[in-house]
Amino acid sequence: MTGMQAASTHPAWQALVSHHAHIGSTHLRELFAADPERGTRWSVSAAGLYLDYSKNRVDDETMALLVALACHCGLQERRAAMFAGELINTTEQRAVLHTALRAPPSERLWIEGTDVVRDVQAVLARMATFSEQVRNGAWRGHTGKRIRHVINIGIGGSDLGPAMAHESLRHYSQRDLDLRFVSNIDGTALAEATRGLDAAQTLFIVCSKSFGTMETLTNAQAARAWSLRQLRDEAAVARHFIAVSTNARATAAFGIAPEQMFPLWDWVGGRYSMASAIGLSTMIAIGPDRFGDMLAGMRAMDEHFRHAPIERNMPALMGLLAIWNNNFLGAATQAVLPYEQYLSRFPAYLQQLTMESNGKHVTRAGQPVGCETSPIVWGEPGTNGQHSFYQLLHQGTRLVPCDFIGFGQSLNPIGAEGARIDSQHDLLMANLFAQAEALAFGKTAVEVRSEGVPEALVPHRVFEGNRPSNMLLARQLTPHTLGALVALYEHSVFTQGVIWGIDSFDQWGVELGKVMAEKTAAELADREPAATIHDSSTHALIQRYRQLREERA
């Protein structure tokens with residue numbers, strides 16, 4: 001984007017504004033009627049995924065203008081700079097190389113005299129050795145007992161990534177190992193995660209790049225105290241705590257042996273780190289080979305994004321359609337609706353990936369963006385959502401674009417007696433296809449009346465339709481498929497950030513509340529009257545909290 005021109009002032013953007021005035025009222029019924037091949041023509045395949053984007057409110061001109069916008073905003077150049085390791089995270093002066101985490105061992109990428117791929121492979125090899133030791137029982141606790149419980153302590157990307165991956169790949173996990181995740185500083189989270197466990201059989205993985213993140217370190221210290229109450233020997237910490245960090249001094253002071261610290265790098269952000277040592281808990285659960293399959297899925301999508309032309313590039317297309325829905329159709333949110341129970345945590349993972357990356361109000365040059373940026377991402381697995389919020393999707397006043405995700409084969413085929421073994425999966429997929437079709441085409445008043453519905457009820461039974469959606473299909477949910485899905489959304493988010501001209505890889509918005517919380521925590525610990533350094537509301541709330549804290553139950 002020449003001179004960091006605001007996207008909304010660019011001629012390509014203005015061309016889309018004019019185009020929207022022409023196509024904005026066009027219904028999907030008309031678009032499909034005009035093009036009998038639309039359902040197959042508007043699709044693309046990559047890395048084992050199939051994307052049908054035909055149910056978006058776009059035509060050939062829309063897509064050509066969106067591709068032109070991407071070119072004018074420098075998507076190809078920014079993409080090349082990212083893969084080359086240039087400092088595209090400009091506010092922190094860092095490279096953005098999560099793609100190097102899944103590069104093959106044969107690749108070379110030199111950054112400031114260091115081959116980062118070789119470094120990554122060395123850490124992956126260490127992770128594999130340790131994971132196998134835990135999985136086969138060679139790694140024993142302080143008293144000689146086998147590890148049966150692994151608790152990952154982190155927050156943000158250090159929790160959401162591995163927690164989502166573990167739940168998504170639970171089918172492939174070693175079932176005699178119990179994995180749990182703690183992120184919330186609320187003491188209930190750790191209390192419930194450790195309730196009833198034997199510390200002699202419990203391993204904690206503490207994930208914090210700085211080993212100073214308030215929530216993570218607070219939980220880690222509490223876990224350490226819990227362990228020592230049972231094990232009664234400081235030496236036990238070295239057998240029951242592993243660190244994923246860059247701070248060797250702090251981890252050593254905690255009691256973690258240097259050889260049990262797995263490093264990270266500044267060029268990978270937390271929400272992009274599940275393929276790094278942050279994924280150690282995932283590797284322990286599914287094993288190094290399947291973890292490698294997940295990396296291969298990520299890599300396959302990376303290569304597609306890197307080389308495919310924009311008009312046939314799955315992540316770029318999804319990013320551009322998100323721009324269209326958000327900035328031109330006025331959709332403030334996006335629903336992610338996986339018809340796969342194992343993907344129940346996937347929408348939560350995408351919330352951080354999308355909103356922490358693109359929830360920004362200024363460009364990389366520090367100027368106002370001049371348009372809406374990140375949509376609010378939310379969702380639940382189907383068919384559960386159909387009986388809660390789909391009413392709003394179909395007949396509400398808000399436009400909510402949907403990403404549907406489904407699979408050709410169930411990992412747990414079940415059928416009623418006398419039925420085909422996977423008949424229940426057929427029913428799940430029938431619901432998936434029906435929901436996308438109903439959202440797109442709806443039901444007119446004429447159609448409702450033809451069913452003999454009383455006239456007074458006709459308005460209540462009309463479905464407007466014209467609600468856009470994407471449909472992602474794959475053969476089966478495997479580690480490779482999950483990796484491809486993660487990388488798909490990573491690069492879609494990147495594409496949107498490039499269009500808006502923002503830095504998708506910093507997160508300064510996380511800092512202010514953390515700094516203020518540290519100051520307020522010190523005040524809460526002080527029994528003296530609270531200083532009047534806050535607004536009157538916060539001051540009164542602190543006083544009320546102190547009163548409630550001291551009252552007897």
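1. Which residue in strand 6 is the bridge partner of Ile-153? In this predicted model, that partner is Val-182. The two strands involved, strand 5 (residues 149-153) and strand 6, run in the parallel sense and pair over five bridges.

2. Zooming out from that pair, you'll find an open sheet of five strands, ordered 6-5-7-8-9, with parallel pairing. Strand 6 (178-182) and strand 9 (261-262) are the edge strands, so to speak, each pairing on one side only.

3. Now look for the helices that lie over these strands. Helix 8 (residues 187-194) lies across strand 5, strand 6 and strand 7 (202-207), and runs at about 170° to strand 6. Helix 9 (residues 214-231) lies across strand 5, strand 6, strand 7 and strand 8 (241-244). Its angle to strand 7 is about 160°.

4. Helix 5 (residues 75-84) and helix 20 (residues 479-500) have axes that come within 10 Å and cross at roughly 125°. Angles from 65 to 115 degrees would count as roughly perpendicular and those over 145 as roughly antiparallel, so helix 5 and helix 20 are oblique to each other. Their crossing is right-handed.

5. And who touches whom there? From helix 5, Leu-75, Arg-78, Arg-79, Met-82 and Phe-83 meet His-491, Phe-494, Thr-495 and Val-498 of helix 20. By residue type, this contact of helix 5 with helix 20 splits into five nonpolar, two polar and two charged residues.

Note on methods. Residues are numbered from 1 along each chain as its sequence is written. This is a predicted model: local features need pLDDT of at least 70, side-chain atom pairs count only at pLDDT 80 or more; totals for chains, interfaces and linings use all residues. Side-chain values use heavy atoms; hydrogens and water are left out. Axes are lines fitted to C-alpha atoms, for helices over the stretch in contact, and angles run from 0 to 180 degrees between N-to-C directions. Helices (H or I, at least four residues) and strands (E, at least two) are DSSP runs, numbered from the N terminus. Angles under 35 degrees count as roughly parallel, over 145 as roughly antiparallel, 65 to 115 as roughly perpendicular and the rest as oblique. A crossing is left-handed if the near helix is turned anticlockwise from the far one by less than a right angle, and right-handed if clockwise. Contact means heavy atoms within 4.5 Å. Ala, Val, Leu, Ile, Met, Phe, Trp, Tyr, Cys and Pro count as nonpolar, Asp, Glu, Lys and Arg as charged, and the others, Gly among them, as polar. Two strands pair if DSSP finds at least two bridges between them.
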